[in-house]
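Please look over the sequence and the model first.

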Amino acid sequence: MNSKENMSHSTTYRKPRGPGAAASLLLLPLLLAACSGGAKPAGEAAGAAPAAAGPVEFSVMTITPSTPPAADDGPIKLAIEKAVNAKLNVQWVSNNIYAEKLNITLASGNLPDYIMINNTFSSTFRTMVQQGAFWDLTPFIAEYPNISKGISKTAWETTKMADGRNYGIPRPRPEDSESFFIIRKDWLDKLGLQVPATTEELQAVMKAFAENDPDGNGKKDTTPLAAYVNPADLGWGGNIGPVLGAIESSFTGAHGHWKWDEASKGLVYTALLPETRKSLEYLTEAYKQKWMPEDLLSLKLTQTRDLFKGNKAGIIVDKTGTLKLHADELKKAAPDFKYKDFYPLTTLNGYVPKGSGFNGMFAIPKSVPEAKVKAILKVIDTWMTPEVSAIQKYGLEGVHHKVENGKKITDPEKLKKDNASDFNHIVNIVDAVWESSPTPEEAEATELFRKVEGERAKVSVPDVSAGLYSPTGQKILPELDKKIQDIKSKIILGREPISAWDTFVAELKANPDVIQTTKEMTEAYKKRTGTP
């Protein structure tokens, strides 16, 4: 089947079965040629360039933070499709339920052509790769310079599977703007508080935010820390969600599940560290004092963001690049709020996570023919050019932005109305928060973020386990993650005493599968890093 035929192929490709079906595929190009009569269209001279191929049509499944998501006939989507010569059939899934939806989709076997894998190292995805369910993209990537060079070497290296091959395109992220604490600087200033640099100082800030009316409405109704515990976040920052996981990591000094121990020359599972116990005591006290939402277990990511955007919470864990996502809504509830008040902490207890350079990746199922794989990669490569990626960043001139003195001045409301940011969840380009910083307020915020990211880069801690493979761990860790989240949640909510954690850890230390997983992870780490 030639590439032109694949470009018009239906979005759900099912492999033909039986010798007759295989023969029909071989005959299809001949039948098409026969239908054309073998003659050139009128006016087409011998040796002339062939007519441009029609748009490549393919299906996509990815996340969206928007309700409702981008419309199929929205102006930004249509402009991107025209620019990349494609027709996208996008299934937008709320990031609140994406992990669950992904598991259901993977189990069904009826996969879209281009699917976002949010946890690249999940046992389900690894197993499907081993079974040959997804394309090895390694041989193709060098042919697409924007894809190969527009994504960091770290991201490409870290997302390799156990065989050293890449089975997806990483979703690029800046390495030094990993999700970490962002605090309302205007609230700190109003209460005469300094930016916290330790968990002890953060505790004092949370207490003040709860008791001293930082929003000025005369009521004690603010939530200091916008946090949640969601099963979809298993594996993120200590199994208890990004916010609480960031606190735990600030105690352990480890980004992720594993920490290198210089004394034993091996990796240690962070659940076994005494600092993890201390973080549980800290979080239990924070919940008891109502410094976190009471409905911690039922909240979703979007709801915690709503607390922050609605001027009801003073601290959140997010990326600096999410400023516009929060600030434009926050300004409605707090008109005096300035972009510089969206204040990212440099470190906490000297810790800040270093990003892996990616957040999930897009994979292509093996049910997609090779010619169509290349056509999809060509679309993505074209999309990553500055000219095309600018469409989702700035929208259309005269509709979503105007040009003044050579700078694009955007209309945030119109960009939001047409879901411009949704398309970052298909193709994302790593750059500054504002390329041109069109207003003094935005320029001031951009300068702050760059300064913070520069300071973070000096001390940030990478996830030493990212991309490492343990056969035993693949079998036991998914269930172990659930057990850890369950017991941590119960302790934080006061349903179990801290002694329950001591008993649990003692059992883990004696568990032969945990011991074997630790051994395999250490061996994989030493092999990758060359550590003796």
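Predicted model: local features only at pLDDT ≥ 70, side-chain atom pairs only at ≥ 80, totals over all residues.

Residues are numbered from 1 along each chain as its sequence is written, and side-chain values use heavy atoms, with hydrogens and water left out.

**Cavities**
- The structure holds 2 cavities of 30 Å³ or more. On a 1 Å grid over the protein atoms alone, a cavity is a set of points where a 1.4 Å probe fits but cannot get out.
- The largest cavity has a volume of about 100 Å³. A volume is the space filled by probe spheres set on the grid points, which are joined across faces, edges and corners.
- Its lining has 14 residues, and P170, P172, I426, V427 and N428 are the closest to the centre. Lining residues have an atom within 4 Å of a point.
- Strand β4 (residues 169-172) supplies the largest share of this lining, 4 residues. Strands (E, at least two residues) and helices (H or I, at least four) are DSSP runs, numbered from the N terminus.
- By class, the lining of the largest cavity has 10 nonpolar, 3 polar and 1 charged residues. Ala, Val, Leu, Ile, Met, Phe, Trp, Tyr, Cys and Pro count as nonpolar, Asp, Glu, Lys and Arg as charged, and the others, Gly among them, as polar.

**Second largest pocket**
- The second largest pocket has a volume of about 630 Å³. A pocket is an open set of points with protein on both sides within 12 Å along at least five of seven lines.
- Of its 24 lining residues, E157, A466, G467, L468 and R528 lie nearest the centre.
- Helix α21 gives the most to this lining, with 6 residues.
- The lining of this pocket divides into 9 nonpolar, 7 polar and 8 charged residues.

**Helix pairs**
- The axes of α12 (residues 274-288) and α20 (residues 498-510) come within 10 Å and cross at roughly 160 degrees. That makes α12 roughly antiparallel to α20. Axes are lines fitted to C-alpha atoms over the stretch in contact, and angles run from 0 to 180 degrees between N-to-C directions.
- Angles under 35 degrees count as roughly parallel, over 145 as roughly antiparallel, 65 to 115 as roughly perpendicular and the rest as oblique.
- T276, R277, L280 and E281 of α12 make the contact with I498, W501 and D502 of α20. Contact means heavy atoms within 4.5 Å.
- The axes of α13 (residues 301-309) and α14 (residues 323-333) come within 8 Å and cross at roughly 45 degrees. That makes α13 oblique to α14.
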